[in-house]
Amino acid sequence: MTTVHQTLAICAAVLGLAAAAADRPDVDVAVLAAEMVSERDHITAPELAERIMRQDASLHVIDLRPRADYDVLHIPTATHAPLETLARQPFPRGASLVLYSEGSTHSAQGWVLLRLRGQRDVRFLREGMYEWLSRVMEPRLATDATDLERQEFARAEVQSRFFGGQPRSNMPRAEVPVGYWSAPSGSTSPATASAGPTTTADAIRATVGAIRRRGC
């Protein structure tokens, strides 16, 4: 899915939110829209990894992907919950919820559902499993990396090894995954912004396959 398609899908979710909230006087649509615009509805993969590493007791990570994908590989501590169950699934009081899927669309829709239910602390992983694999499980450092990229890679190495990942340095620039965190303005989807798999799903499958072959 291209960035344009993702944006349209998320806009559709926002319009659905506005329509649903029309009958919910307790829901302030302006507040929710402001959260989206300021990107307070997102969490990065490194931020999520840090919270898991420090065993944040309030954190509840929810995998919205099909059960078969969850069973193959999922983010540590995550529980499986299809999108259709979020409308009725109970959560502890004060829970901090993080949603992820293969990309943005389902997670954004899940965010809408949970906010409509009155959950206040909800975020989603913008590029989903692709971002987790690219930035935590198998971060890559290009041979021509900038000083900033080298600093970020040093932090990523620590997280990657904690989760049994495999950080890789001295990689050709074309083999370093990119996304919203690194892609130049005007690029398309994370997978098409560099050489390799042609879709985000392909990128996920390729990386999951490599991880399972390593026995992680």
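1. Thr79 is found in strand 3, residues 79-80; helices (H or I, at least four residues) and strands (E, at least two) are DSSP runs numbered from the N terminus. The model is predicted: local features need pLDDT of at least 70, side-chain atom pairs count only at pLDDT 80 or more, and totals for chains, interfaces and linings use all residues. Residues are numbered from 1 along each chain as its sequence is written, and side-chain values use heavy atoms, with hydrogens and water left out.

2. Thr79 counts as partly exposed because its relative accessibility is 41%. The classes are buried, under 20% relative accessible area, exposed, over 50%, and partly exposed in between, with a 1.4 Å probe and protein chains only. Leaving aside residues up to four places away in sequence, Thr79 touches Val61, Ile62, Asp63 and Tyr70; contact means heavy atoms within 4.5 Å. Leu64 is 15 residues from Thr79 along the chain, and their C-alpha atoms are separated by 8.9 Å.

3. The sheet is open and has 5 strands in the order 1-5-4-2-3, with parallel pairing. Strand 1 (42-43) and strand 3 are at the edges with a single partner strand each, so one side of each has no neighbour in the sheet. Two strands pair if DSSP finds at least two bridges between them.

4. Strand 4 (residues 96-100) pairs with strand 5 (residues 122-125) in the parallel sense, over 3 bridges. Val98 has Arg123 in strand 5 as its bridge partner. Helix 5 (residues 105-116) lies across strand 4 and strand 5, and runs at about 175 degrees to strand 5. Axes are lines fitted to C-alpha atoms, for helices over the stretch in contact, and angles run from 0 to 180 degrees between N-to-C directions.

5. Helix 7 (residues 147-162) has 16 residues and reaches 23 Å from its first C-alpha to its last, close to the expected 22 Å; the expected span is 1.5 Å times one less than the number of residues. Phe153, Ala156, Gln159 and Ser160 are buried in helix 7. Their cover includes helix 3 (45-53), helix 6 (128-137), strand 6 (140-142) and strand 7 (168-171).

6. Why does Gln159 count as buried? Its relative accessibility is 11%. The side chain of Gln159 reaches the backbone oxygen of Pro46 at 3.0 Å. Not counting residues up to four places away in sequence, Gln159 touches Pro46, Ala49, Glu50, Met53 and Val136.

Terms used. A polar contact is a pair of N or O atoms within 3.5 Å; within protein, one must be able to donate a hydrogen and the other to accept it, and residues adjacent in sequence count only if both atoms are side-chain atoms.
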